[in-house]
Amino acid sequence: METKDITFRTRKWVRPEDLNANGTLFGGSLLKWIDEEAAIYAILQLGNGRAVTKYISEINFVSSAVQGDLIEMGLTATRFGRTSLTMRAEVRNMITRQSILTIEEIVFVNLSTTGKPEPHGYTEITYDRDRIPTHHLTETLQQD
Ligand SMILES: CC(C)(COP(=O)(O)OP(=O)(O)OC[C@H]1O[C@@H](n2cnc3c(N)ncnc32)[C@H](O)[C@@H]1OP(=O)(O)O)[C@@H](O)C(=O)NCCC(=O)NCCS
């Protein structure tokens with residue numbers, strides 16, 4: 001899959017607390033950000049706040065980032081399964097577009113209220129906000 005298929009959404013400013021002992025971006029911080037980004041992506045694609053990380057494939061730390069770098073994270077859905085959603089992730093330098101990390105497969109599973117895998121019924125990416133979980137919509141109505 002090409003980078004052009006990915007929409008880069010979240011941007012981060014690499015700060016001192018995000019660094020490892022070598023003074024470059026700590027891989028654990030990056031994975032935490034990507035997992036959260038994937039969770040939000042899955043929730044908006046599957047219309048369900050109960051979506052959990054099931055599997056993360058090989059992670060390629062392509063190049064490092066340093067303090068002060070502006071980086072951006074992108075995801076795209078590559079496969080809609082019966083209960084699962086597979087995504088591809090890339091993180092890159094916002095300015096130079098140098099790739100920092102790629103993950104071919106991040107699989108999230110759609111869960112029922114009892115925590116069991118549940119069919120989500122979707123087969124294609126939505127680019128609209130038409131699958132927002134109902135409890136978020138209820139919150140919006142209460143604020144209006
Ligand atoms: C998510 C969970 C309920 C799934 O249970 P399970 O018994 O593996 O469920 P299933 O075998 O029915 O698989 C569910 C889906 O995951 C997919 N899947 C299961 N194992 C997989 C693997 N190793 N790699 C990729 N996909 C996998 C299946 O193909 C299936 O997808 P499909 O319905 O689209 O075909 C269970 O594994 C779990 O609770 N895991 C912990 C999740 C969690 O807490 N994550 C947060 C990080 S700790």
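These questions and answers concern strand pairing and the ligand shell in a predicted model.

User: Which strand pairs with β6 over eight bridges?
Analyst: β6 covers residues 99-110. A strand at residues 84-93 runs antiparallel to β6 and is joined to it over eight bridges. One of the pairs is Val91 with Leu101 in β6. The strand asked for is β5.

User: Which residue in the hairpin of β5 and β6 takes a positive phi?
Analyst: The hairpin has five residues between its strands. A phi near 70° is found there, and the residue that takes it is Arg97.

User: How many bridges join β2 to β6?
Analyst: β2 spans residues 51-56 and runs antiparallel to β6. Within this pair of strands, Tyr55 stands opposite Val107. The number of bridges is five.

User: What is the bridge partner of Ile59 in β6?
Analyst: Strand β3, residues 59-61, pairs with β6 in the antiparallel sense over three bridges. Ile59 has its partner in β6, and that partner is Ile103.

User: Which element supplies the largest share of the shell around the ligand?
Analyst: The shell includes Val52, Thr53, Lys54 and Tyr55. β2 and β6 each supply at least two residues. The largest share is four residues, and it comes from β2.

User: How many residues of the shell around the ligand are charged?
Analyst: Among the surrounding residues are Lys54, Arg82, Thr83, Ser84 and Pro117. Five of the shell residues are nonpolar and four are polar. The charged ones number two.

Key
Residues numbered from 1 in each chain as written. Predicted model: local features only at pLDDT ≥ 70, side-chain atom pairs only at ≥ 80, totals over all residues. Pairing = 2+ DSSP bridges. Near = placed C-beta within 6 Å. Nonpolar A, V, L, I, M, F, W, Y, C, P; charged D, E, K, R; others polar.
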